[in-house]
Amino acid sequence: MSMTSESDQLAYIASQAADARVNVEVETDEGMTLNLGPQHPATHGTLRIIAKLDGEKVVAAEPIMGYMHRGYEKLTEVRTYPQVTTLVNRIDWLGSFANEVPFILAAEQLMEVEAPPRAQWIRTILFELSRIANVCLFLGDMAVQIGATTPVFYAFRDREFVLNQIERVTGGRFHPNFDRIGGLKDDLPKGWIEETRGALNRMTDFCDEMEELVLGNEIFQARTRGIGTIPSDVALAYGLSGANLRASGIDWDIRRDANVGLVYDQVDWKVWTHPDGDSFARFWVRLQETREACNIIDQLLGTIPSGPIMAKVPRIIKVPPGEAYVATENPLGEMGFYVVSKGDLTPFRVKIRSASFSNMSIAPWVLKDVFVPDIISILASLYFILGDIDR
Amino acid sequence: MSEIPEHLLKRAQAAREKAESSQEPTDNASPTKETNSQTTVAVADESPIQEIDEKAEEILERISKGLGQKLISSHIAPNRGLWIRVSSDDWRETAQFLRDQLDCRFFDWLSVIDWMPSPYGRELETEQDVDSQAERIEDQPIEWGYTGGKTRFQLITRVYSISLGIGVMVKADLDDHNPRALSLIPVYPGANWHEREAREMFGVTFDEHPDLRNIYLPGDFEGHPLRKDYPLLSRRIKPWPGIVDVEAMPGEEK
Amino acid sequence: MIDLLALSPAWWQETFLIKVPIGLLAVLLPAGTIVYLYLFKAISFMQSRLGPMEAGPYGSLQLLAEVGKWIQKEDIFPSKADKFVFAAAPFVVLMSTFLLVVVIPAGPDALFVDLDAGIYFAMAISSVSVIGILMAGWSSANKYSLLGGIRAAGQLIAYELPLILAVVGVVIQAGTMNMQGIVLSQAEGEIFGWGGIGNPFILTQFIGFAIFMIAVQAELTQAPFDMPVAESELVTGYLTEYSGIRFLLFFIGEFASAGVFSAIAAVLFFGGWYVPGIDPANQIFNVIGPLVLAAKMMLIAFLIFWFRFTFPRFREDQLQRLAWKFLIPLSLANIALTGVLKVAA
């Protein structure tokens with residue numbers, strides 16, 4: 001493609017210069033440039049962080065990403081609506097089912113279809129199960145980033161029970177692709193509800209274990225308290241969402257305040273917030289939310305209504321023209337799909353608002369005047385999934 | 001590859017016609033509340049929660065009072081959202097207004113929509129994407145979505161007010177040949193990465209942005225991939241896996 | 001059999017040719033046992049997994065497989081590395097371990113060298129490994145390695161002080177710096193006039209023991225003091241560029257040092273090779289002494305690895321604060337208290 005205008009050319013030159021600035025490590029008298037990633041154990045994925053150090057103090061840090069950019073926004077334009085869920089499954093790969101839901105809900109909004117109550121119930125249950133599957137790993141991983149190797153094994157062990165339950169319904173452990181416009185693919189298998197209760201008990205025990213083993217540890221507290229503090233105003237202006245926002249003291253949860261299509265209003269539950277805004281608060285809020293998710297599922301399991309799981313939708317789905325934005329409170333934060341339809345088989349444009357992208361955009365702000373080990377603990381507590389940043 | 005069953009095509013066509021008739025895009029420059037509620041009356045009757053809709057109307061009134069002439073058009077989809085459109089010159093002032101006057105302190109996201117119909121659109125009958133045909137682009141007029149539009153590129157951002165519990169989607173038309181707007185960073189620092197993404201994907205320049213380099217793509221990447229005229233090469237050499245090879249469900253007649 | 005051994009009690013000291021293999025055995029056998037029992041198995045059970053199960057019964061030959069793998073691997077030198085220093089560093093680290101084992105008595109006569117200032121020698125030699133680590137960190141031409149090496153230097157020097165100060169209490173109580181003397185004074189000691197189990201210094205020097213173990217944990221760069229090799233921050237710190245046989249040497253050095261330090265702790269606080277009920281002059285200790293010492297050593301080494309896999313990692317400044325503001329004053333107070341009680345008694 002040729003340069004269309006002078007501004008394009010200028011922007012191109014600027015981008016070249018900036019890239020050169022980043023790629024060539026500049027050694028100055030003031031300090032040292034440390035390149036963390038893209039292959040670094042703490043970036044779980046391919047994030048790259050360029051930190052300018054003064055001794056072990058970070059003067060400035062800048063995340064570089066794009067090593068995993070898969071161009072989903074472009075690909076959705078050549079996929080039919082049912083095919084898109086296969087793509088968006090892979091955005092946050094630890095809680096895949098939760099990725100499908102906002103897209104399906106957006107399509108349902110445009111089609112003016114509503115899933116039958118039973119489907120909504122099961123959707124909410126699976127949504128919360130994928131939240132547990134996702135955040136459970138965070139609880140172990142955060143400890144590993146701070147240097148305790150054992151909790152992550154417990155996390156993997158108990159996460160297995162949740163994954164088994166997801167697999168038993170959807171047939172997929174990682175990428176269920178189970179949500180359909182107008183409902184769900186299948187109903188629950190026999191005996192699933194009781195088994196899920198057992199898995200939930202395991203998870204509640206796991207949360208207690210993590211609370212004692214990690215949260216109550218003095219070294220963990222010394223490493224996280226007062227580290228990476230994000231005031232609520234900054235958190236809002238950077239678009240932080242999910243537990244990161246609630247850890248900064250903002251009492252806002254999409255599940256409660258802007259719920260679309262899921263049945264959180266049928267459950268008695270609590271939104272947890274923490275006033276501190278530091279790494280410890282983020283861990284604490286996520287731990288409580290995992291417990292709360294168990295509570296939500298437990299209540300929903302008892303009240304699943306009977307009925308069909310699929311509304312009447314045409315076999316070939318053409319979505320009427322219009323625009324819709326639906327966001328849900330995903331494990332990582334607010335995930336939303338802005339779907340523009342022109343009445344075709346494929347979406348005209350899908351903007352994916354992923355949580356980690358905004359959550360990580362605060363990194364240059366928060367990674368200032370901290371120590372090198374704090375880079376790791378702050379990034380771990382902000383909790384990103386590379387697929388969710390790069391899409 | 002099998003043909004689409006006739007009845008399904010008909011049904012889809014009927015659904016589309018119904019949807020088109022119920023949602024006329026509002027193109028008039030000075031919207032009134034009446035037109036908005038008229039366009040959506042069919043849906044509003046069925047929706048169970050009416051008060052959120054009233055909230056959106058009330059917010060829109062506050063916005064139109066505050067922005068005055070700057071507000072070009074607006075759209076309310078009941079219980080689904082509130083769209084407003086301003087000129088790209090007023091882009092930052094609008095954001096400033098929304099943040100300060102409406103407490104929209106939560107910056108949700110920012111992106112661009114390229115409204116040009118894709119010249120590489122896949123037809124139902126063909127196996128591969130059809131080739132670029134310049135005349136086809138001109139054949140197809142640009143159809144804008146909610147709040148209408150005038151140019152090919154539209155900037156869109158969503159900001160959310162936690163105290164009011166409503167999100168506002170702001171659109172702005174950008175110049176076709178030199179799409180540019182003021183950066184939102186002084187208002188919302190979080191716009192930084194979103195604007196970098198919009199620049200590399202659509203070629204929109206954000207003035208006063210401190211560091212407008214590529215965020216995902218390599219620095220020497222040419223072109224702007226999310227523009228509609230940027231070809232998706234794999235789709236042009238390989239047959240596209242099926243839309244129409246729908247198998248019958250067990251126990252169901254095809 | 002015992003008589004035969006007793007006739008020439010330390011028969012294995014006689015020639016250089018026998019001493020060297022015994023010395024190698026004294027370093028490598030505990031290291032191998034520690035790696036298999038604790039690093040592979042105990043830790044796996046703590047983490048609710050099985051650990052190696054395939055090589056040999058219950059994976060007991062896994063270590064040999066690992067060693068074989070490392071030996072086969074290419075010995076890579078980074079292109080910008082200082083080749084000589086890079087190659088020498090693992091040997092410096094391993095050397096300090098071998099020199100340490102020299103002064104540890106394993107029986108009345110079963111020892112390599114009986115130095116008058118044995119514990120002084122051990123404390124001095126234990127700092128030599130810092131040089132090796134610093135050499136490795138500097139010569140790797142890698143920023144992670146450099147940071148790791150410098151962290152290690154700062155940390156090891158900071159924790160050398162509490163380590164030595166913790167030992168001072170024992171030395172005051174025993175009245176000697178000779179390690180054999182320390183064992184004997186525990187064996188012949190009495191608790192309020194009752195000499196049934198001797199007087200292991202753990203009873204009176206428990207503060208010293210706690211400080212000693214914390215300092216050892218830091219000396220060995222095990223969690224919670226593993227910043228020099230912090231794999232989630234510095235990849236593996238000064239080990240980042242090492243591969244193959246040289247990495248193996250560092251690995252042996254790490255776990256052999258864990259064994260040797262545990263053995264020193266056993267000598268200082270748990271009576272070394274002595275078991276209550278047998279006269280310490282009995283020649284039988286030349287045979288069972290090494291086994292007793294090994295058993296005590298393994299128990300103490302278990303503590304080290306238990307902590308390693310339980311605690312998260314300190315930050316470098318927090319570690320220094322712990323050493324200078326807490327451990328050193330505490331050990332000084334311990335010395336003062338010991339001195340006062342010694343004079344009073």
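Predicted model: local features only at pLDDT ≥ 70, side-chain atom pairs only at ≥ 80, totals over all residues.
Modeller: Residues are numbered from 1 along each chain as its sequence is written, chains are lettered from A and ligands numbered from 1 in the order in which they are written, and side-chain values use heavy atoms, with hydrogens and water left out.

Biologist: What makes α9(C) and α10(C) roughly antiparallel?

Modeller: Helices here are DSSP runs of H or I with at least four residues, and strands are runs of E with at least two, numbered from the N terminus. Helix α9 (residues 206–219) and helix α10 (residues 244–269) of chain C pack at about 170°, with axes 11 Å apart. Axes are lines fitted to C-alpha atoms over the stretch in contact, and angles run from 0 to 180 degrees between N-to-C directions. Angles over 145 degrees count as roughly antiparallel, so α9(C) and α10(C) take that label.

Biologist: Which residues of α9(C) and α10(C) meet?

Modeller: With contact meaning heavy atoms within 4.5 Å, C:G208, C:F209, C:F212, C:M213, C:V216 and C:E219 in α9(C) meet C:F261, C:I264, C:A265, C:L268 and C:F269 in α10(C). The residues of this contact divide into nine nonpolar, one polar and one charged. Ala, Val, Leu, Ile, Met, Phe, Trp, Tyr, Cys and Pro count as nonpolar, Asp, Glu, Lys and Arg as charged, and the others, Gly among them, as polar.

Biologist: Why is α15(A) called largely enclosed?

Modeller: Buried means under 20% relative accessible area, exposed over 50%, and partly exposed in between (1.4 Å probe, protein chains only). In α15(A) (residues 372–382), 11 of the 11 residues are buried, so the helix is largely enclosed by the rest of the structure. Just after α15(A), A:Y383 takes a positive phi of about 60°.

Biologist: What makes A:Y67 partly exposed?

Modeller: A:Y67 has a relative accessible area of 41%, and that value falls between 20% and 50%. A:Y67 lies in the loop between β3 (57–64) and α2 (72–75) of chain A. Not counting residues up to four places away in sequence, A:Y67 touches A:P38, A:T46, A:R48 and A:D390.

Conventions: Parallel < 35°, antiparallel > 145°, perpendicular 65-115°, else oblique.
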